[in-house]
Amino acid sequence: MPLTIVRNDITKMTVDAIVNTTNIALQMGVGVSGAIFRAAGAEKLQAECDKLAPIRIGEAVATPGFDLPAKYVIHAVGPVYRDGKRGEEQLLRSAYTSSLRLAVEMKCESIAFPLISSGTYGYPRDKALNVATTAIQDFLLNSDRDIDVSLVVFDRAAFALSRKLRGEVQSFIDENYIARNEAIEADSPLRNNRFMEEEAAQISFSMPAPCAPCAPPAASADGEVFTLDEPFSAVILRIIDAKGMSDAEVYRRANIDRRLFSKIRRPDYRPGKRTVVALAVALKLSSEETRALLAHAGFALSRSVLFDVIVDCFIRKGEYNIFKINNVLFDKDQPLLGGS
């Protein structure tokens, strides 16, 4: 069920359906559209499209994928961007949700989107990215069916964060990130991921309990956050109950697959660091609570690891939109949160 951002050629995606951004006449276009038609077999695909045309802006229809790795091509019509005051955002959201709804109806388990309307239709890429991620997020959070979604960008030029978000994150990075050469010049140990994870496994759990949801049912006299023999699954399930959240709400907000979450429920489950962070974001834990949860799993956040600094930036701001966090991580060439 997770949403991932990948750099790839959408015609090479091995998924149940890929989305073609098209016109109301469903005619072969240029750019991504032209590439999809050529890879599928232009004449065959056009013949199927002619049977379904015309459609309206914001709507979507499906055809076979023919020679593509994908089983289906979903053709969605996005709006031409003029000034942002003519309903463009609502129409663009509709193009995504119509495509997702159609994919679910066809029992697709995976779908790949381009950034609709961001090419020849002129939709500003940062705004197109925001609409794409929020529309997909809203659908995934409210859908009864799980589906893996990929947002495919061909190259770096096709991906753009808003200037405000980029500036806020970069400012935090500048203030908090200890680059490799700076750490060496300061004659301090270089704390890479492996070092921090090994160190975290040895730390004491006698830190003060940060808040009630993370505290055990009966806190010990010295204020332990978690007992050493408490399985990670027990900790997570206890916090979920304390937050009054359902399992489905948590794994969807964590951008992780339901199958992975079922493994998390096992007492012997050992999570990876990104899974722990994704769960902390889904549960809206504070920075201190997140560090305590990571420590219990044998990990830590380091100022010399860019991924850690970016995540901590969002958590400290109280921004728990995992898709927005992943947009920044992708922009900085960092691994994404969640997954299957």
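Is F113 buried or exposed, and what is its relative accessible area? F113 is buried, with a relative accessible area of 0%. Here, buried means under 20% relative accessible area, exposed means over 50%, and partly exposed lies in between (1.4 Å probe, protein chains only).

This is a predicted model, in which local features need pLDDT of at least 70, side-chain atom pairs count only at pLDDT 80 or more, and totals for chains, interfaces and linings use all residues. Residues are numbered from 1 along each chain as its sequence is written, and side-chain values use heavy atoms, with hydrogens and water left out.

## The whole chain

The protein chain has 14 helices and six strands. Both are DSSP runs numbered from the N terminus: helices are H or I with at least four residues, strands are E with at least two. Of the 340 residues, 50% count as buried. The chain exposes about 15,800 Å². Carbon and sulfur atoms supply 50% of that area. Accessible areas come from the Shrake-Rupley method with a 1.4 Å probe; for residues, only the protein chains shown count as cover.

A contact means heavy atoms within 4.5 Å. Take the contacts between residues at least 6 apart in sequence: 68% of them join residues at least 24 apart.

## The cores

In soluble globular proteins, nonpolar side chains tend to be buried together. A nonpolar core is a set of buried Ala, Val, Leu, Ile, Met, Phe, Trp, Tyr and Cys residues joined through side-chain atoms within 4.5 Å. The largest one in this model has 84 residues. Those with the most contacts inside it are I111, F113 and L337. A second, separate core has 18 residues, including L26, L45, V73 and V77.

## Around F113

Which residues does F113 touch, not counting those up to four places away in sequence? Among them are I10, V19, Y96, S99, L100 and I136. V149, S150, L151 and V152 also touch F113.

Two of these partners deserve a look. Y96 sits in helix α3 (residues 88-105). Y96 is buried, with a relative accessible area of 0%. Beyond its neighbours within four places in sequence, Y96 contacts F113, P114, L115, I116, A132, A135 and I136. From Y96 to I116 is 20 residues in sequence, and 8.2 Å in space from C-alpha to C-alpha.

S99 also lies in helix α3. S99 is buried, at a relative accessible area of 0%. The side chain of S99 reaches the backbone oxygen of A95 at 2.7 Å. Leaving aside neighbours within four places, S99 is in contact with V19, A60, I74, A76, I111 and F113.

## Aromatic pairs

Rings of Phe, Tyr and Trp (its six-membered ring) pair if their centres lie within 6.5 Å. Planes under 30 degrees apart count as stacked, over 60 as edge-to-face, and the rest as tilted. By this rule there are three aromatic pairs. Two of them are listed here.

| Pair | Centre to centre | Angle between planes | Type |
|---|---|---|---|
| Y96 and F113 | 5.0 Å | 45° | tilted |
| Y251 and F261 | 5.8 Å | 45° | tilted |

Y251 lies in helix α9 (residues 247-253) and F261 in helix α10 (residues 258-264), so their pair ties together parts that are ten residues apart in sequence. Y251 is buried at a relative accessible area of 5%. F261 counts as buried at 3%.

Helix α1 (residues 31-40) has the buried residues S33, G34, I36, F37 and A40. Seen down the axis of α1, they fall within an arc of 160°, so they line one face of the helix. The arc is that of the directions from the helix axis to the C-beta atoms. The face turned away from this buried side carries the exposed residues G31 and R38. The buried residues of α1 pack against β2 (17-22), α2 (42-52) and β4 (72-77). After α1 comes G41, whose phi is positive, near 110°.

In α2, the buried residues are L45, Q46 and C49. They cover an arc of only 100° around the axis, which puts them on the same side of α2. Exposed residues E43 and K51 are on the face turned away from the buried side of α2. The buried residues of α2 pack against α1, β3 (60-64) and β4.

Key
Polar contact = N/O pair within 3.5 Å; in protein donor to acceptor, adjacent residues only side chain to side chain.
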